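Open the model in your viewer and keep the selection panel at hand. Each stop below says what to select and what is there.

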Amino acid sequence: MKNYELLTILKPNLDTEEVDKVVEKLNSDIAEMGGSVISSDKIGRKKLAFDVQNFRDGFFVNTLLSLPSDKVADFTRNLRLNENIIRTMFLEASKKAQAV
């Protein structure tokens, strides 16, 4: 299994309970696909550099997770289908930062 970093931007009109439900749903989806959540950090509400789906700000959540490589496509598809998520960034996490 590889480690990944997921940055999700949720709709700003969600209250804290709804944000918690969305994060729990993401975590359960990861567990159902045979992965595990290493850490999850709710960064909070931030202003966006440009409008995304007519929203000027969003609630940011950063998650470190491990997931089997063959499940990545299914997981990213589930992210796109979630109507509470307005933008995602899904990256493979490097084991060690390389100096330039």
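Select Phe75. At 0% relative accessibility, Phe75 counts as buried; buried means under 20% relative accessible area, exposed over 50%, and partly exposed in between (1.4 Å probe, protein chains only). This is a predicted model, in which local features need pLDDT of at least 70 and side-chain atom pairs count only at pLDDT 80 or more, while totals for chains, interfaces and linings use all residues. Residues are numbered from 1 along each chain as its sequence is written, and side-chain values use heavy atoms, with hydrogens and water left out.

**The aromatic cluster**

What kind of aromatic pair do Phe75 and Phe90 form? The pair is tilted, at 5.7 Å centre to centre and 55° between the planes. The rule: rings of Phe, Tyr and Trp (its six-membered ring) pair if their centres lie within 6.5 Å; planes under 30 degrees apart count as stacked, over 60 as edge-to-face and the rest as tilted. Phe75 lies in helix H2 (residues 72-81) and Phe90 in strand S4, so the pair ties together parts 15 residues apart in sequence. Helices (H or I, at least four residues) and strands (E, at least two) are DSSP runs, numbered from the N terminus.

By the ring rule there are 2 aromatic pairs. Tyr4 and Phe90 are stacked, 5.0 Å centre to centre with 15° between the planes. This pair links distant parts of the chain: Tyr4 sits in strand S1 (residues 2-10) and Phe90 in strand S4 (residues 85-92), 86 residues apart. Tyr4 is buried, with 7% relative accessibility. Phe90 is partly exposed, at 21%. Together, Tyr4, Phe75 and Phe90 form one aromatic cluster.

**The nonpolar cores**

Next, select Leu10, Val19, Leu65, Leu67, Phe75 and Leu79. Of the 18 residues in the largest nonpolar core, these touch the most other members. Such a core is a set of buried Ala, Val, Leu, Ile, Met, Phe, Trp, Tyr and Cys residues joined through side-chain atoms within 4.5 Å. Which elements each supply at least two residues of this core? They are S1, helix H1 (16-32), strand S3 (55-67) and H2. The largest share, 5 residues, comes from H1.

Zoom in on Leu79. Leu79 touches Leu6, Leu26, Ile85 and Thr88, leaving out residues up to four places away in sequence. Contact means heavy atoms within 4.5 Å. Then look for a second, separate core of 6 residues, which includes Ile9, Val52, Phe60 and Ile86.

**Helix H1**

Select residues 16-32. The expected span of a helix is 1.5 Å times one less than its number of residues. For the 17 residues of H1 that gives 24 Å, and the end C-alpha atoms are 24 Å apart, which agrees.

Which residues of H1 are buried? Colour Val19, Val22, Val23, Leu26, Asn27, Asp29 and Ile30. Now look down the axis of H1: the buried residues fall within an arc of 160°, so they line one face of the helix. The arc is that of the directions from the helix axis to the C-beta atoms. An α-helix has 3.6 residues a turn, so residues three or four places apart point the same way.

Turn to the face of H1 away from its buried side. Glu17, Lys21, Glu24 and Glu32 are the exposed residues there. The cover over the buried residues of H1 includes S1, strand S2 (36-52), S3, H2 and S4. After H1 comes Gly34, with a positive phi near 90°.

**The hairpin**

Show S2 and S3. They pair in the antiparallel sense over 11 bridges; two strands pair if DSSP finds at least two bridges between them. S2 and S3 form a hairpin with 2 residues between them.

Select Gln53 and Asn54, both in the loop between S2 and S3. Gln53 has a positive phi of about 55° although it is not a glycine. Asn54 is not a glycine either, yet has a positive phi of about 65°. Asn54 is exposed, at 75% relative accessibility.

Select Thr8, in strand S1. Thr8 is buried at 1% relative accessibility. Beyond four places in sequence, Thr8 touches Leu26, Phe59, Phe60, Val61, Ile85, Arg87 and Thr88.

Finish on Ser66, in strand S3. Ser66 is buried, with a relative accessible area of 8%. Its contacts, again not counting residues up to four places away, are Met1, Lys2, Asn3, Ile30, Gly35, Ser36 and Ile38.
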